[in-house]
Each structure stands twice: as structure tokens, then as C-alpha cells.
Amino acid sequence: MPGVSIHIDNVTKRYGTVSVIRDVSLDIAPGEFLSLLGPSGSGKSTILMSLAGFTHPTKGVIRIDERDVTDLAPRSRNIGMVFQQYALFPHMTVEQNIAFPLLQRGMAKSEIGNRIEAITKLVGLVGLEKRPAPNLSGGQQQRVALARALVFQPPVLLMDEPLGALDKKMREHLQVEIKEIQRVTGTTVVFVTHDQSEALGMSDRLAVLNHGTVEQIGTPEELYDAPANAFVADFIGEANILSGTLVGWSDERCAIRIADGSVVEGTPIGNFPLQSETPVELVVRPRSIKLDQPKEGSLCGQVLSSSYFGESVSVRIKLAGGSEVTAKEPPTLRRVAGENLSVSWSYQNARVFQQKGE
Ligand SMILES: Nc1ncnc2c1ncn2[C@@H]1O[C@H](COP(=O)(O)OP(=O)(O)OP(=O)(O)O)[C@@H](O)[C@H]1O
Ligand SMILES: [Mg+2]
């Protein structure tokens, strides 16, 4: 079944006096693959459980396919789900588990057989069809849960860390398969993961959550290249974050003094007051940092370590003021621990945000 739209309008969930999600609004297009990313406890599962109907929002409205489902029971929402806590039926075999949603929908026996054959092949469960569900490894159980959610081709699929217990190879295989199934069926997917590379690779858009609110939503490129704040920059990809205070500015660039007294430059992001001594954070990606022979008046540091990763080398450097930064260089350049180097970047590649008080 082709995907449908999902709208989350100002949803808040409170337990007692604690709001675990606060005024979250998300508009998800039919057939979109949206990932929720954020630290543990940021509210990802709560949002998914609210969509599924297992959690009732304290405030706000959820619409699926333009229908208000806020007060609708989970079984009336026609949603496929793979949740860590949404266990398999222990008294059933693999194929009985997978057939369950089809039987519930009154599908013909022959069609059920075809569907099971196709889906067990897809998720790599061939040969295990007759096995009782409890006699499977964690990864195999996860694949049964995935098959059970996919087999009735739901218009909405919710997945909460569905690939968590799998080894790297199976995980990468299923990432491609899930993406392919979603592309072919046009199912709308909301996917929760801790793994940012998984999220970047699979998603049309990502929403980054922090303390129950959405920090930023956008395409993988937007979040990586134009993070709205230091938190998002740090969460999506690697980032060097240097704290300092504003000492100078023009229209498009600003100068900040960092801990060791050096002045570095970046591009101010967001409408914060350009005032002397405003506390700010400068964010620069490892690949934007240039290392060179030490020069008079430039920011300098000492190489702590250099780690080879095949396609690149990651160089860790301690600046004079004590902060550390990482630079990513081609493997043709090899740095030696203890070596002194100058550290620089072009101001266009460094984003400067006002420091948020926590
Ligand atoms: N039933 C509950 N009663 C009280 N607090 C709850 C309840 N369920 C969740 N919480 C709290 O809500 C917050 C958000 O939880 P949630 O499970 O949504 O986080 P998460 O982003 O999915 O984290 P993780 O990555 O660890 O799975 C947490 O602080 C959690 O302790
Ligand atoms: Mg969770």
C-alpha cells in the first residue's frame, strides 16, 4: 500500500510534572523516510509510541492520512511496527508469527504462503520457518519482527532501532533491503536509530531531538553542512567545538578569542547579538582543518596521535590553551606525535553560534 502523510501537531507528553516531549511538531510526507535521532532519553521512542497509539499524548494532535488518530486504538491505525519491546508471540513458529497480521486481515491461505516465502527470503530466514520463535538468536528474532511488520505492506512503518542486535554485515544488508522495500512500496517510514551513519544513509530527512524537543529537521546534507546549532553539529558527523567570546565582526564573518588567547574566525549563524564578549561556540569539521608548518601568529598545537583509517588519517591535536581538535587528512600526509603544527581553517567553513546556557 502506498504511504500516507503523518502530522504531529504540538504534541507534549508529561509523566507527572516532567515533560518528556515538549511541543513537538513534525510533518511527514507520504512515502517519506524520516529518522529520529538523538541521545538516550531524548524522547524518540515516546514519539513513536504516540504514533502507534501505545502512548497517549498529554497535549496535541496526531493525524495519519489526514485523519485525527489521537484517540484511536493501536489496532485501528494500520501501522507496521518493529519495536524492541514489541516481542514475538512465543508460542508460535517463525512463519506463524509472520502470518499473524495476514490472518488478522483475512488473507487467503495461498497468498499468505507466497508472502511468507518472499519475505523470509528477503530478511534471510529461509530454513527457519518451522522453528519456535523463542529458539532463535536475538538477531534472528529481530528479523522475524521485521518480516512480520513488512509482510502486510502497511502504509506506515514505525521502527525503533530495528537493526540494533544484528552483526555489521546483516545490518548493512537489511539497511539496503528496508530502503529498497520502502522505495518500491512507497511506505512512509519513521525510523529511530542511535547510529548516525545509518540515519544519514537511509533517510530522506532527519529530526534531531534533544531533551524532548526537535533541535533541527532537514535532509542529511542540510544537517551535515548547515547545522542550526552546536548540538546538531556535534550529533551529526564529527565536529570540533571551541568555546570563546566574540571580539570582532563584520557582515559575514566574526572573530572570537578562544581559551589560549588566540583569535580565530568563523561565520555567525542565527540572529544573536553581535556584542563584544558574547559567549560563543565555533564549530568546524575535521575535514575543514588545515595543518601546516608552525607560523608566527597562527594558532598552533601539538600532535597527540594520528590514526590511520584507510581512506583518511585522523590527527588529534592539543592546542596551546588545552583544547583538543581533530583534523582529517589524506593518508599521504603522515604526522608524528609531538610534532608542532599550525592549525587553520577558512572562516566560511566554521560556524559560530551563541552559547546556550543549559
Ligand atoms: N512510563 C514512563 N514514566 C515515566 N517516564 C518515562 C516513561 N516512559 C519514558 N519515560 C521517560 O521519558 C524520557 C524519554 O524516553 P524515551 O524512551 O522516549 O527516550 P529515547 O529517546 O527513546 O531513549 P533511548 O535512546 O534510550 O531509547 C526518558 O527520560 C524516560 O525515562
Ligand atoms: Mg528509545
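Start on the outward-facing side of helix 5: select K169, V176, E180, R183 and V184, and you have exposed residues. Keep in mind as you click that this is a predicted model.

Now turn to the other side of the helix. Pick L174, I178 and Q182, the buried residues of helix 5. They cover an arc of only 70° around the axis, so they sit on the same side of helix 5. To see what they pack against, show strand 3 (33-37), helix 3 (109-123) and strand 8 (188-192).

Stay here and check the geometry of the helix. Helix 5 covers residues 168-185, 18 residues in all, and at 1.5 Å a residue it should span 26 Å; its end C-alpha atoms are 25 Å apart, so the two values agree. Step just past the end of helix 5 to G186, where phi is positive, about 75°.

One more stop in helix 5: E177. Is it buried, exposed or partly exposed? E177 has 15 C-beta neighbours inside 10 Å, so it counts as partly exposed.

Next, jump to helix 2, residues 94-104. Its buried residues are V94, E95, N97, I98 and A99, and they pack against helix 3 and helix 4 (138-150). Just after helix 2 comes G106, with a positive phi of about 70°.

Time for the ligand. Select ligand 1 and bring up the residues around it: Y15, V20, G38, S40, G41, S42, G43, K44, S45 and T46. Colour them by class and you'll get two nonpolar, seven polar and one charged. Which element gives the largest share of this shell? That's helix 1 (residues 44-52), with three residues.

Finish with some strands. Show strand 16 (residues 300-308) and strand 17 (residues 313-319): they run antiparallel, joined by seven bridges. Click S305 and look across to its bridge partner in strand 17, R316. The two strands form a hairpin with four residues between them, and G310 in the turn has a positive phi of about 80°.

Definitions and conventions. Residues are numbered from 1 along each chain as its sequence is written. Chains are lettered from A and ligands numbered from 1 in the order in which they are written. This is a predicted model: local features need pLDDT of at least 70, side-chain atom pairs count only at pLDDT 80 or more; totals for chains, interfaces and linings use all residues. A residue is near a molecule or strand if its C-beta atom, placed from the backbone, lies within 6 Å of it. Ala, Val, Leu, Ile, Met, Phe, Trp, Tyr, Cys and Pro count as nonpolar, Asp, Glu, Lys and Arg as charged, and the others, Gly among them, as polar. The expected span of a helix is 1.5 Å times one less than its number of residues. A residue is buried if 20 or more other C-beta atoms lie within 10 Å of its own, exposed if 12 or fewer, and partly exposed in between; C-beta atoms are placed from the backbone. The arc is that of the directions from the helix axis to the C-beta atoms. Two residues are in contact if their C-beta atoms, placed from the backbone, lie within 7 Å. Two strands pair if DSSP finds at least two bridges between them.
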